[in-house]
Amino acid sequence: MNRTHDIRWGDIEKTRTIMLNNSDWTQLADTHLTIDCVKEWQTWRDNVRSVNNKNYDEPLDAVMKLKQLNNSIP
């Protein structure tokens, strides 16, 4: 059985939500992050949001992109 079929978009959405929730603090006014750092986080968060079934045909590709983004946290 191909493991690709075991990946569900709902699970990808949950992972994406967790990643965004864990980085919400970066967008608060009192974080003492530099403006450039906040912009990096904004870009990263936008990239996380873009991992969805409208932009990726294959769930496995979306999973791989989320892993890549998780490894490239600003």
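Predicted model: local features only at pLDDT ≥ 70, side-chain atom pairs only at ≥ 80, totals over all residues.
I started with the order of elements: from the N terminus on, the protein chain runs α-α-α. The tally is 3 helices and 0 strands, where helices (H or I, at least four residues) and strands (E, at least two) are DSSP runs numbered from the N terminus. Residues are numbered from 1 along each chain as its sequence is written, and side-chain values use heavy atoms, with hydrogens and water left out.

**Whole chain**

I looked up the overall extent next. Along the principal axes, the C-alpha atoms fill a box of roughly 50 × 20 × 15 Å. The protein chain exposes about 5500 Å², and 49% of that comes from carbon and sulfur atoms; accessible areas are from the Shrake-Rupley method with a 1.4 Å probe, and for residues only the protein chains shown count as cover. Of the 74 residues, 30% count as buried (under 20% relative accessible area; exposed is over 50%, partly exposed in between; 1.4 Å probe, protein chains only). I also checked the contacts (heavy atoms within 4.5 Å). Among those between residues at least 6 apart in sequence, 60% join residues at least 24 apart.

**α1 against α2**

How do α1 and α2 pack? I find an angle of about 165 degrees, with the axes 10 Å apart. Axes here are lines fitted to C-alpha atoms, for helices over the stretch in contact, and angles run from 0 to 180 degrees between N-to-C directions. The two are therefore roughly antiparallel (over 145 degrees; under 35 is roughly parallel, 65 to 115 roughly perpendicular, the rest oblique). Their crossing is left-handed, meaning that the near helix is turned anticlockwise from the far one by less than a right angle, with clockwise giving right-handed. On the α1 side I listed R16, M19, L20 and S23, and on the α2 side W41, W44, R45, V48 and R49. By class, this contact has 5 nonpolar, 1 polar and 3 charged residues. For the classes, Ala, Val, Leu, Ile, Met, Phe, Trp, Tyr, Cys and Pro count as nonpolar, Asp, Glu, Lys and Arg as charged, and the others, Gly among them, as polar.

**α1 against α3**

Then I turned to α3 (residues 59-70), which packs on α1 at about 15 degrees with the axes 10 Å apart. That makes the pair roughly parallel. This crossing is left-handed. W9, I12, T15, R16 and M19 of α1 meet P59, A62, V63, L66, L69 and N70 of α3. I get 8 nonpolar, 2 polar and 1 charged for this contact.

Beyond its neighbours within four places in sequence, R16 touches V48, R49, V51, N52 and L66. Its C-alpha is 9.5 Å from that of S50, 34 residues away in sequence.

L20 sits in α1 too (residues 9-23), and at 13% relative accessibility L20 counts as buried. The C-alpha atoms of L20 and R49 are 8.1 Å apart, across 29 residues of sequence.

Last, I checked H32, in the loop between α1 and α2 (35-49). H32 has a positive phi of about 65 degrees although it is not a glycine, and at 75% relative accessibility H32 counts as exposed.
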